Amino acid sequence: MLYDPTERRIKSFVTRAGRLSTAQERALNDLGPQFMIEYAKAPLDTVAAFGRTAPVVLEIGFGMGQTTAHIARHMPEKDFIGVEVHTPGVGSLLKLIGEEGLANLRVIQHDAVEVLNNMIPAGTLAGVHVFFPDPWHKARHNKRRLIQPPFVKLLVDRLQPGGYLHLATDWEDYAVQMLEVLSAEEGLQNTAEGYAPQPAYRPLTKFENRGLKLGHGVWDLVFTKK
């Protein structure tokens with residue numbers, strides 16, 4: 001085990017209470033029992049969770065869930081598990097699941113490292129998405145960034161051979177760090193020469209679109225497990 005959840009460790013996120021909208025609260029109450037998976041220190045049976053056998057993709061930190069819902073809608077042949085700690089985001093994604101009838105999407109509200117350690121068996125994921133993680137842009141906070149060598153090694157262990165890891169960020173110095181960390185992981189192989197073209201399945205968010213119009217960059221990285 002690379003991380004022991006019982007030990008004190010640096011958190012890569014800040015838990016913010018946030019205010020639930022009426023629609024988000026209704027989605028949590030009405031759809032949570034069907035589409036949320038309770039965290040447990042036991043391997044997750046994805047066949048039981050989804051009612052079928054299909055490739056499983058894990059998304060870490062899905063925010064308000066628009067990108068997650070978009071990808072699940074356009075890839076009905078795959079099953080998706082979104083992990084997020086913030087309740088308004090969970091409620092927002094559940095609302096989208098209900099509106100769009102996304103039977104191939106489930107949600108876990110818990111710390112992603114503990115989910116990976118305790119619920120995801122080795123060699124079972126077809127892919128992992130980490131889109132726009134908190135950049136912790138102040139130098140003294142860089143150590144809190146999610147993409148660090150031990151965490152990447154954990155992700156690689158959970159991927160199937162040939163499975164992919166897709167990261168995206170709009171902070172250039174974080175993109176540089178991501179590329180360095182992934183390139184140094186011997187279990188991974190880059191699909192591009194450096195940064196990858198944005199895969200067609202990842203939609204532009206409204207914030208990303210706004211940033212691009214202002215001349216800000218966005219960097220995608222897509223690596224596969226050897």
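**Ground rules.** I am looking at a predicted model, where local features need pLDDT of at least 70, side-chain atom pairs count only at pLDDT 80 or more, and totals for chains, interfaces and linings use all residues. I number residues from 1 along each chain as its sequence is written, and side-chain values use heavy atoms, with hydrogens and water left out.

**The sheet.** I looked up the strand order and found an open sheet of seven strands, β3-β2-β1-β4-β5-β7-β6, with mixed pairing. Helices (H or I, at least four residues) and strands (E, at least two) are DSSP runs, numbered from the N terminus. Two strands pair if DSSP finds at least two bridges between them. At the edges I noted β3 (105–108) and β6 (188–190), each pairing on one side only. On average, neighbouring strands here are turned by 20° against each other, direction ignored.

Next I checked β1 (residues 56–60), which pairs with β4 in the parallel sense over three bridges. Val57 has Gly127 in β4 as its bridge partner.

**A helix on the sheet.** I then followed α7 (residues 172–184), which packs on the sheet and touches β5 (159–169), β6 and β7 (219–225). Contact means heavy atoms within 4.5 Å. The direction of α7 makes about 10° with that of β7; the axes are lines fitted to C-alpha atoms, for helices over the stretch in contact, and angles run from 0 to 180 degrees between N-to-C directions.

**Rings.** How many aromatic pairs does a search of the whole structure find? I got one. Rings of Phe, Tyr and Trp (its six-membered ring) pair if their centres lie within 6.5 Å; planes under 30 degrees apart count as stacked, over 60 as edge-to-face and the rest as tilted. The Tyr164 and Tyr201 centres are 6.4 Å apart with planes at 55°, so I wrote down "tilted". Tyr164 lies in β5 and Tyr201 in the loop between β6 and α8 (206–213), so the pair ties together parts 37 residues apart in sequence.

Is Tyr164 buried or exposed? I have it as buried, at 12% relative accessibility. Buried means under 20% relative accessible area, exposed over 50%, partly exposed in between (1.4 Å probe, protein chains only).

**Phe132.** My last stop was Phe132, in the loop between β4 (125–131) and α6 (149–158). Phe132 is partly exposed, with a relative accessible area of 27%. Leaving out residues up to four places away in sequence, I found that Phe132 touches Ala168, Thr169, Asp170, Arg202, Glu208 and Val218.
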